[in-house]
Amino acid sequence: MGCIYTQSFLLDCAGAVHDFATDVIKISLHDASAGLTSATTAYGATGEAASGSGYTTTGETLAVTSGYPQIVGGQSCVRFDDVTWAFGASKTVRYALIYNSSKSNKAIAVIDMGADRPASGTLAVKF
């Protein structure tokens with residue numbers, strides 16, 4: 001499993017587009033048909049897990065962990081509180097997309113689990 005920042009997010013940082021203190025940052029779940037990569041520029045519903053059984057389309061709002069953003073090892077760092085879904089029925093998940101819903105749903109990062117995986121019960125993303 002890996003997490004990559006999107007190319008558009010890296011460019012957005014140079015333009016001070018994102019404000020992690022005030023913007024609404026979300027995380028959504030998608031299957032392999034979404035094809036999310038570092039070239040993804042914005043949230044889209046393609047391949048997103050269907051609403052119901054513990055998931056709502058567009059995903060969950062992320063909370064910035066207290067004390068962040070901060071400088072860690074000479075780099076700016078944002079940390080989010082962990083997020084958990086409790087599925088009442090199995091979902092298929094390959095990707096999690098972190099995006100800024102306050103700024104035209106601009107993509108920030110893609111978490112790639114390597115292949116479609118059945119998710120049932122509790123699914124947690126730990127930051």
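A residue counts as buried when its relative accessible area is under 20%, as exposed when it is over 50%, and as partly exposed in between, using a 1.4 Å probe and protein chains only. By that rule, 36% of the 127 residues of the protein chain are buried. What you are looking at is a predicted model, in which local features need pLDDT of at least 70, side-chain atom pairs count only at pLDDT 80 or more, and totals for chains, interfaces and linings use all residues. Residues are numbered from 1 along each chain as its sequence is written, and side-chain values use heavy atoms, without hydrogens and water.

Let's start with the overall layout. The protein chain has one helix and seven strands, in the order β-α-β-β-β-β-β-β along the sequence. Here helices (H or I, at least four residues) and strands (E, at least two) are DSSP runs, numbered from the N terminus. The C-alpha trace spans about 40 × 30 × 25 Å along its principal axes.

Now follow strand β2, residues 25-30. Six of its six residues are buried, so β2 is largely enclosed by the rest of the structure. Ile-25, Ile-27 and Leu-29 point one way from β2, while Lys-26, Ser-28 and His-30 point the other way.

Which strands does β2 pair with? Two strands pair if DSSP finds at least two bridges between them. Three bridges join β2 to β3 (residues 60-62), and the two run antiparallel; Lys-26 has Thr-61 as its bridge partner there. Six bridges join β2 to β6 (residues 83-100), also antiparallel, with Ile-25 opposite Asn-100.
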